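Please open the model in your viewer and keep the selection panel at hand.

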Amino acid sequence: MRSRLGLGALSLLLSAFYAADVSAEYGVNMTRGVTDISHSVYDLHMTIFWICVAIGVVVFGVMFYSIFKHRKSKGAVASNFHDNTTVEILWTIVPAIILIVMAIPATTVLIDMYDTSDADVDIKITGYQWKWRYEYLGQDVNFFSSLSTPKDEIYNAAQKNENYLLEVDNALVVPINKKIRFLVTANDVIHSWWVPDFAVKRDAIPGFINESWTRINEPGIYRGQCTELCGKDHGFMPVVVRAVEQAEYDDWIIQKQEQAKAAAALAALTFTLEEQMQRGEEVYLKTCAACHQPNGAGIPPAFPALKGSDIALNDIQKHIEVVVDGIAGSAMQAYGDQLSDVDIAAVVTYERNAWGNDTGENISAADVVDYRNK
Amino acid sequence: MGHQGQNRRTIAKSVIAVVAMFGFGFALVPLYDVFCEVTGLNGKTRGQYSEAEAGKQQVDESRRVRVQFIANNNESMPWEFRPVEFQIKVHPGAMAEVNYYAKNPTSKRMIAQAVPSLSPSEGTGYFHKTECFCFTSQTLEPGEEVLMPLRFVVDQALPDHLSTLTLSYTLFDQTEALLDVETENKNELAVR
Amino acid sequence: MSAVLDNPIHDEHEHHGPPKGIARWLFTTNHKDIGSMYLWFSFAMFLIGGCMALTIRAELFQPGLQLVEPEFFNQMTTMHGLIMVFGAVMPAFVGLANWLIPMMVGAPDMALPRMNNWSFWILPFAFGLLLSTLFMEGGGPNFGWTFYAPLSTTYAPDTVTYFIFGVHMMGISSIMGAINVVATILNMRAPGMTLMKMPLFVWTWLITAFLLIAVMPVLAGVVTMMLMDVHFGTSFFDAAGGGDPVLFQHVFWFFGHPEVYIMILPAFGVVSQIIPTFSRKPLFGYHSMVYAVASIAILSFIVWAHHMFTVGMPLFGELFFMYATMLIAVPTGVKVFNWVTTMFRGSLTFEAPMLFSIAFVILFTIGGFSGLMLAIAPSDFQYHDTYFVVAHFHYVLVPGAIFGIFAAVYYWLPKWCGNMYSETLAKWHFWMSFVGMNLAFFPMHFLGLAGMPRRIPDYALQFADFNSISSVGAFTFGATQLLFLYLVIQAIRSGKPATDQVWEGAEGLEWTIPSPAPYHTFSTPPEIK
């Protein structure tokens with residue numbers, strides 16, 4: 001009875017290992033990915049895995065042979081040997097040789113991964129609590145990329161969509177078949193930028209720059225996540241990369257550059273309170289609600305309430321200052337760098353008129369520009 | 001029992017070991033810095049390089065190295081901060097000068113410290129700065145803008161496979177940490 | 001210090017039993033009493049840490065946020081790790097050391113009995129302080145049990161100060177415990193008990209104690225630096241002031257990797273006692289076992305940065321730490337081969353201690369295999385900080401350390417309390433734990449490889465199935481431990497009386513004394529043949 005249970009357990013484990021290989025499409029194994037490096041990493045992973053399985057079969061085989069054959073209930077009599085220098089030397093040397101065999105391909109792949117020279121595109125990636133910023137160096141393109149999954153889906157009030165938690169508002173767009181170099185850093189705490197399909201994972205460390213590279217073979221959308229615990233919303237800062245043909249990439253860059261110009265032009269226009277509230281709510285839900293909560297109640301003491309707050313009801317200048325420049329030594333970042341003047345004006349307007357903060361005040365982009373120029 | 005003396009010796013040795021290891025934990029800090037300096041482990045560039053040393057470098061006209069400049073603001077640092085040029089090409093051994101632009105848009109006097117980091121870290125030993133705004137903290141009055149110079153030379157011995165060096169500066173807000181010190185110093189002067 | 005050095009035997013207790021009431025436990029200097037207190041304390045912590053694990057698994061049962069908010073989830077992952085490492089596993093091994101080492105080396109008590117009392121009684125205060133932070137404003141530590149700066153310094157909740165003092169206190173307790181073990185083993189052995197005659201449990205604990213003395217002060221150092229950064233304006237880990245957050249990771253893992261072996265070496269010792277007993281055959285390769293443990297301990301000091309392959313070390317650093325880590329597989333392999341060969345051509349029976357030991361060897365080896373895979377730096381870029389790592393270290397810690405402790409308790413409980421436990425219930429405990437544990441942790445390999453990062457309160461839909469299975473397994477494993485509590489109490493109160501030798505094949509000094517072990521043993525040193 002006992003032996004059958006033991007056997008069952010073993011076969012369960014072995015079949016689980018086996019399943020790991022044959023059913024990669026069911027998400028039980030590492031992805032092969034879409035770059036030469038990710039293919040090498042996958043092959044390395046499988047090689048080491050099968051070596052481990054082989055060693056396991058031999059060791060557990062001997063063990064289970066003893067468990068079945070050398071049991072007292074079957075009348076086994078214990079022998080008394082307890083040393084054998086030859087065997088002991090052998091099973092020290094053989095594993096050492098196996099390890100050397102493993103180390104050779106591992107070293108080759110690692111050297112490839114470290115060769116960041118001669119890149120075609122340089123992208124700076126900055127980790128923020130809890131979003132990513134991408135800057136195309138020398139191209140004047142730079143934007144934030146944050147989770148676009150609605151709160152309702154997270155809190156089970158709505159059906160979860162296919163890309164739940166793996167979708168962003170602005171994906172990183174890169175050309176295929178080009179060497180892309182990532183320069184990774186962080187704004188606050190340590191983050192880690194990971195796209196499994198590229199086999200690229202690099203820690204983003206405040207004050208330091210790290211680099212990595214990829215060359216993508218196939219167009220497509222590739223998803224990853226932050227992999228270093230970075231605070232409350234660590235689980236909610238995905239990475240989405242859209243790899244496209246060179247021509248499409250060039251168009252996209254031009255379009256982005258034009259958008260930046262258009263945003264600047266927008267700042268000169270004026271909006272009604274209603275328009276401001278609408279734009280402000282969008283910005284608020286995307287940027288502010290994670291901490292200050294969608295209802296403005298915050299999570300005191302770390303994230304104070306905006307609803308009924310003194311600053312949101314009275315001091316306009318202070319309100320703009322906090323949003324633009326942040327509060328040193330607290331979780332409140334300086335958004336002057338992250339949001340356009342129009343968006344800042346809208347979100348400040350929203351915060352001064354939502355949730356019963358009915359001040360009726362309409363802050364314009366010009367007010368923000370005034371503050372910045374002071 | 002005869003164990004007392006032995007026990008006392010064991011305790012004494014263990015306590016010495018414990019204290020030594022506690023000290024070793026702290027000794028890891030300077031050791032790490034030395035180790036980083038030798039190996040370029042964390043991409044921290046070295047301190048000031050003398051102009052005289054820089055003058056001794058042979059200019060290698062046969063190749064050109066791409067040097068890129070990046071600017072980052074750490075959290076709640078509202079300054080405008082960017083390199084004037086994003087990248088230049090230099091001959092190893094030749095002096096080069098670039099500028100970073102900074103502006104304090106706030107209504108307060110602020111102090112910032114720029115922290116340099118070089119990638120790939122292998123290149124740190126070959127990047128010599130003779131003048132850098134990162135050597136000291138920078139103070140800007142409200143609305144003040146400034147061009148901050150950086151003079152450097154890429155070592156003639158730079159390995160061939162390094163064709164691009166990326167230098168990044170991150171600006172940290174040190175106003176709270178340093179303003180007190182500054183006022184204290186002033187008070188002291190006033191007393192004198 | 002001189003109080004500690006007093007005569008280790010209490011003369012007034014020499015000829016009668018312990019005093020009655022609470023004072024017995026508060027002021028006891030008896031290694032058996034202190035051992036029992038350590039074991040009960042660690043079991044209580046195991047249940048508390050377990051409840052935190054179940055909170056995590058309940059939230060992860062389905063995608064979406066149902067039960068807790070991310071902020072609290074992070075506190076649970078952090079506290080679960082801290083409680084299990086410092087509150088459950090380490091004190092349990094110290095408890096075993098207290099009970100067993102004096103009996104195994106033929107000593108009347110631990111070398112430093114008063115210090116022994118202190119090192120235990122610090123613990124309830126340390127963990128009381130740590131747990132109380134959960135109820136303070138701002139919540140408990142939420143930066144992971146590895147508390148990487150600057151998340152644990154500049155961005156930490158105010159309670160980080162209590163966390164630091166808690167770590168200091170448990171560090172002092174561990175160091176005092178380790179000094180005691182070293183002094184006992186080096187100075188208190190019965191005449192004729194040479195080092196190479198010591199049971200392997202004593203050997204593994206001696207080496208563990210040296211590791212503790214070497215690295216717990218480093219942990220104390222790193223939290224002291226944190227304290228200074230948080231409160232005194234230094235910048236050890238703050239880039240703005242010339243520090244470096246990566247330095248934190250180097251110093252932490254310089255402590256952290258030996259710490260991993262601190263949690264597993266005594267379990268090696270336990271298994272090396274039990275397998276020969278139930279194989280009725282001497283341990284194969286005693287000498288190579290000792291050398292293997294010693295080399296694992298030494299190697300543990302030069303592999304720390306394999307926890308940080310993605311921080312951007314230069315190529316040669318990655319290669320060095322990769323090779324050094326792979327090297328650890330050699331002595332570990334030797335140990336596994338020796339255990340298997342000990343069983344080979346023995347006369348095996350499968351009582352609960354043996355079942356847990358066999359499961360230990362198999363499952364620890366699986367954890368070792370995933371460890372070898374993690375050592376390969378290029379593949380580690382894909383595994384790092386995913387559930388693959390979570391699966392790996394739970395495979396070495398749950399069926400490794402925890403199963404080792406269960407095996408030890410079943411093996412020596414009859415000696416401690418004089419009664420046998422119920423073998424039927426123990427088998428239930430084993431099989432339920434075995435199935436629950438594998439169900440909980442095996443799917444985590446798949447989750448990690450498929451791309452699920454660790455320490456996240458919510459996940460993408462493709463991870464849903466394996467997370468549900470894992471949660472079911474975790475609750476099975478958790479609930480089964482109540483059965484363990486029940487059967488231990490049952491054995492103590494009404495188990496069948498045990499013989500002095502207890503197990504047919506058991507050898508060693510502890511089996512020569514009566515069951516239950518008298519309050520004072522080996523007041524006259526035994527003769528060692």
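Select A199(A) to begin, in a model that is predicted: this residue is buried, with a relative accessible area of 4%, which falls under the 20% cut-off used for that word. A199(A) sits in the loop between β6 (191-195) and β7 (200-204) of chain A, and its phi is positive, about 55°, although the residue is not a glycine.

Next, move to chain C and select R280(C), which likewise is not a glycine and has a positive phi of about 55°.

Staying in chain C, select the pair A149(C) and P150(C), which are joined by a cis peptide bond with an omega of about 0°. The proline of this pair, P150(C), belongs to the loop that runs between α4 (113-132) and α5 (160-187) of chain C. Then select S515(C) together with P516(C), where the peptide bond from the serine to the proline is cis and omega is near -5°. P516(C) is found in the segment after α16 (464-494) of chain C.

Now return to chain A and show the whole of it as a cartoon, in which ten helices and ten strands can be traced. The radius of gyration of chain A is 28 Å, well over the 21 Å that the globule rule gives for 374 residues, so the chain is more spread out than a compact globule. If you orient the view along the principal axes, the C-alpha trace of chain A spans about 90 × 50 × 35 Å. Of the 374 residues in chain A, 54% are buried, and among its contacts with a separation of 6 or more, 63% are between residues 24 or more positions apart.

For the last stop, select chain B and chain C together: the contact takes 30 residues from chain B and 41 residues from chain C. About 3,000 Å² is buried between these two chains, and carbon and sulfur atoms give 73% of that area. Which residues of chain B lose the most area to chain C? They are I11(B), M21(B) and Y32(B), which together account for 17% of what that side buries.

Technical notes. Residues are numbered from 1 along each chain as its sequence is written. Chains are lettered from A and ligands numbered from 1 in the order in which they are written. This is a predicted model: local features need pLDDT of at least 70, side-chain atom pairs count only at pLDDT 80 or more; totals for chains, interfaces and linings use all residues. Side-chain values use heavy atoms; hydrogens and water are left out. Helices (H or I, at least four residues) and strands (E, at least two) are DSSP runs, numbered from the N terminus. The radius of gyration is taken over C-alpha atoms; the globule rule is 2.2 Å times the number of residues to the power 0.38. Buried means under 20% relative accessible area, exposed over 50%, partly exposed in between (1.4 Å probe, protein chains only). Contact means heavy atoms within 4.5 Å. Buried area is the accessible area (1.4 Å probe) that two parts lose on being put together, summed over both.
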